[in-house]
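Please load the model in your viewer and keep a selection panel open beside it. The stops below say what to pick next and what is to be found there.

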Amino acid sequence: MSEKFHTELDQLKQDSIEMARFARQMLADAVQVLVNEDITNAAEVKSRKRELRDRTIALEDRAYQLIALYQPMAKDMRVIVSILKIIAGAERIGRYGKDIASMTRHIIDEPACPQPPPLAHMADLVIDMIDDVITAFEKENLSLIEDLSSRDDTIDDLWHSMFRQTLTIMMENPKTITRYTSYIMAARYLERCADHACKMAENVNYSITGERIEIK
């Protein structure tokens, strides 16, 4: 395979990593603006959706061009296939970030909650998972994702606990329904982002080892 191909593939991989970090930051910022009820910065987070989409399309096109021009095989082909799946997962994470930021307008004028859910804590755990997946791909270091299944279980437990608690609060005080419905949705989106991180990790493992694993 030509030196030009490997140079282009390395650049595609690095740009995909940057795109994943862009999506990761959208999610992190979205939770922050929701927790702080920062309607101005919520609009800014939402506005990043266009760049997220543009980056995704550009990366996909470059990946398809590499396949068409060079017909790669073995690990090179695995890397390209994995890149396509990783950027798809990253785009989904960024779009969840946009959706979480959008919830800020629904709660801004609602009564303050007596018991805020631990959304920030949950987000920190999910962001750490995403960071480790991205770094594992960048450094080809699978040790960073060895415990991802148990970490995903922790997120699932947090989601179910938060769901039960918020339902109880809403039944006791119907005035909190609008606010806590948004919190439940945000927590659900975070749980889904953790799932996407696991899927991305599966593809990182495949790109490096050629083995298909399931993280659940």
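## A tour by selection

Begin by selecting Phe-163, Leu-167 and Met-171, which together make a nonpolar surface patch of about 290 Å². Patches here are made of residues with over 30% relative accessible area and no salt bridge, like charges being joined within 9 Å and nonpolar side chains (Val, Leu, Ile, Met, Phe, Trp, Tyr) within 5 Å; accessible areas come from the Shrake-Rupley method with a 1.4 Å probe, and for residues only the protein chains shown count as cover. This is a predicted model, in which local features need pLDDT of at least 70 and side-chain atom pairs count only at pLDDT 80 or more, while totals for chains, interfaces and linings use all residues. Residues are numbered from 1 along each chain as its sequence is written, and side-chain values use heavy atoms, with hydrogens and water left out.

Phe-163 lies in helix 7 (residues 148-172), where helices (H or I, at least four residues) are DSSP runs numbered from the N terminus. With a relative accessible area of 33%, Phe-163 is partly exposed, the classes being buried under 20%, exposed over 50% and partly exposed in between (1.4 Å probe, protein chains only).

Next, select Glu-37 and Arg-179, which form a salt bridge whose closest N and O atoms are 2.7 Å apart; the term requires a side-chain nitrogen of Lys or Arg within 4 Å of a carboxyl oxygen of Asp or Glu. This pair links distant parts of the chain, 142 residues apart, with Glu-37 in the loop between helix 1 (3-36) and helix 2 (39-47) and Arg-179 in helix 8 (residues 177-209). Glu-37 is partly exposed at 25% relative accessible area, whereas Arg-179 counts as buried at 3%.

Move on to Asp-132 and Arg-151, joined by a salt bridge with the closest N and O atoms 2.9 Å apart. Here too distant parts of the chain are linked, Asp-132 being in helix 6 (residues 119-139) and Arg-151 in helix 7, 19 residues apart.

Now select the whole of helix 6, whose buried residues include Leu-119, Val-126, Ile-130 and Phe-137. The buried residues of helix 6 pack against helix 1, helix 4 (74-102), helix 7 and helix 8, contact meaning heavy atoms within 4.5 Å.

Finish just after helix 6, at Glu-140, which takes a positive phi of about 55°.

Conventions
Helices (H or I, at least four residues) and strands (E, at least two) are DSSP runs, numbered from the N terminus.
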